[in-house]
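This report describes selected features of a predicted model.

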Amino acid sequence: MRKKLVKFFSFFVFILSAGFVLSSCGQSQENAGQKAEDTTSQGEESKETSSGEPKDGGVFVRAIGKDPATFNPNAVSDNITYLISQNIYNKLLKINGEDKIVPDLAESYEVSEDGKVITFKLKKAKWHDGEDLTADDVKWTFDTIKAKEGFAAPSLADIQEVKVVDDSTVEFHLSAPNAGILGAIAWQGTYIMPSHLYKDSEDWLEADASKNPVGSGPFKFVEYKPGESITLEKNADFFGQTPHLDQIKMVVMPDQDTTYQAWLAGEIDGGAGIPEEEFKNFENNPDYQKVKLSWPNKSYFCFNMEKGKFADPKVREAVLYGINIDEIFEKGLKSVGEKQKYFIPWQYDWAINESIQSPERDVEKAKKLLEEAGYTQDENGFYFETTIDTFPGWDEIMPIFQSQFAEFGIKLNHNSMDDPTYDQKVLEKKDFELTVLGGYMGPDISSLSNRFGTGGFINYGLYSSEEMDALLEEGIRTTDPEKRAQPYKKIQELLRKDLPAVFFSDKYGTDYVKSYLKGFPASDEAKEFCSEAEYTYLWLDK
């Protein structure tokens, strides 16, 4: 079982990239058969073409890049499982399309004065098999996540005990105040699971309910054909708004070209992926609508801090000075998002350390650092050769990376792998020198610990610093916003000093979806209520 491992990257995977989030309702490039004329300015929104009130019925067909690893929503981190789980299951709290924590199964919640007890009152809900969902299910879920080391377990470590008060009331007792705990409960891997279907199974991955999922959410599981499709149908007894769609059909389409062509041909409604350089082709086309989410989301080079060439801090600093952030932003990212400036997402403006910023490019300084690290140039001007290992999605920008690295003397080879191969090589074996990562850094600034805390589940480079761990601990224990900024300002100083990552962009979630899709998760109608790939409010205006 892969524990605590997840890829959050900024082009088309998941969650924390709005591009994939919005693909929940269609994403692709050109209009079928022709390009739209580029006659509008950047940022102009396409006009709504809604015919009126939501229509019930219909099947939403979207592509997914691979089969889910499991239907257990909390055991392992898997992008496809997460996409599906948002429609089958519920959490106590969830993160909506505005990056805010909102109630889901919780009718209300209250935090004690000392910050150590959180009391949740539950809505009346039923499992898809007709059984009542109760506080016992909540307790069993969180107890099991911790006992089985579900991938959210590190974020929930401060939950000392979950107590059932009555069928609709549950208390979370914390070992210490935790400013980020509500965000941890609302994020990934915390879906409430049906204890009556799991409690007799020794292995929660092998339980029948992890193969034929039973949730409490807006859609029920119908059928899974491995390598082909997953079908969900409307849950007419859903405790929230009854979905408009009759069904969701997720079609397994690993090849992006094939997926895109299927989208152009109208065979699927969403899930194709739009290269950012093609965005201009949609700006004045009424068949598409532009959507944008501004969530905390950064992309960066991630180094193996324990072995290999980049374990040397001088080599990492050479990368910091050697890359051209302007070129990456303008040519590689087509000026989508924000140019990299700070060492934390700009959305946390209350904690920004203005003195810690990405430096101006200095190729000569980068070369000098490599020489100080003991390297000499060969006849081709290279100090050394290395490989950057990536999962799919980085091919288009890679020539820019390779060209820039070559300018300061590093020959950069590219090894692009499918997800399972990448997971085995980079995540499990740590057999890499350099990779690229990115994605969501929320809903609370304390999520930095996932990437830069010792043992953090997105800390692929094995960075470990007692000082960093102490500052992260101070940041999560401090609830006063003014005082809380101080440890995070020091964290930025440490990120600049140690360089476990070299950031190169702040991403926006920008996408285009077909205009007949209404009430998609990022739409004005639904973003207040829906998580990023939840289709409760989605309807087809055709």
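By class, the lining of the largest cavity divides into ten nonpolar residues, two polar residues and one charged residue. Strand E14 (297-303) and helix H12 (448-452) each contribute at least two residues to this lining.

## The sheet E4-E5-E9-E8

Four strands, in the order E4-E5-E9-E8, make up an open sheet in which the pairing is antiparallel. Its edge strands are E4 and strand E8 (159-166), each of which pairs on one side only. Averaged over the sheet and with direction ignored, neighbouring strands are turned by 20° against each other.

Strand E4 (residues 106-111) pairs with strand E5 (residues 117-122) in the antiparallel sense, over five bridges, and Ser 108 has Lys 121 in E5 as its bridge partner. These two strands form a hairpin with five residues between them, and in its turn Gly 115 adopts a positive phi of about 75°. E5 is also joined by five bridges to strand E9 (residues 169-174), again with the strands running antiparallel; here the bridge partner of Lys 121 in E9 is Thr 169.

Helix H3 (residues 135-147) lies across E5, E8 and E9, and runs at about 165° to E8. Of the strands that H3 lies across, E8 is an edge strand of the sheet.

## The helix pair H7 and H9

Two packed helices are described by the angle between their axes and the distance between the axes. For helix H7 (residues 313-322) and helix H9 (residues 363-372), the axes come within 8 Å and cross at roughly 170°. Because angles over 145 degrees count as roughly antiparallel, H7 is roughly antiparallel to H9.

On the H7 side the contact involves Lys 314, Val 315, Glu 317, Ala 318, Tyr 321 and Gly 322, which meet Val 363, Lys 365, Ala 366, Leu 369, Leu 370 and Glu 372 in H9. Taken together, the residues of this contact divide into seven nonpolar, one polar and four charged.

Conventions
Residues numbered from 1 in each chain as written. Predicted model: local features only at pLDDT ≥ 70, side-chain atom pairs only at ≥ 80, totals over all residues. Heavy atoms only, no water. Nonpolar A, V, L, I, M, F, W, Y, C, P; charged D, E, K, R; others polar. Pairing = 2+ DSSP bridges. Axes fitted to C-alpha atoms, helices over the stretch in contact; angles between N-to-C directions. Contact = heavy atoms within 4.5 Å. Parallel < 35°, antiparallel > 145°, perpendicular 65-115°, else oblique.
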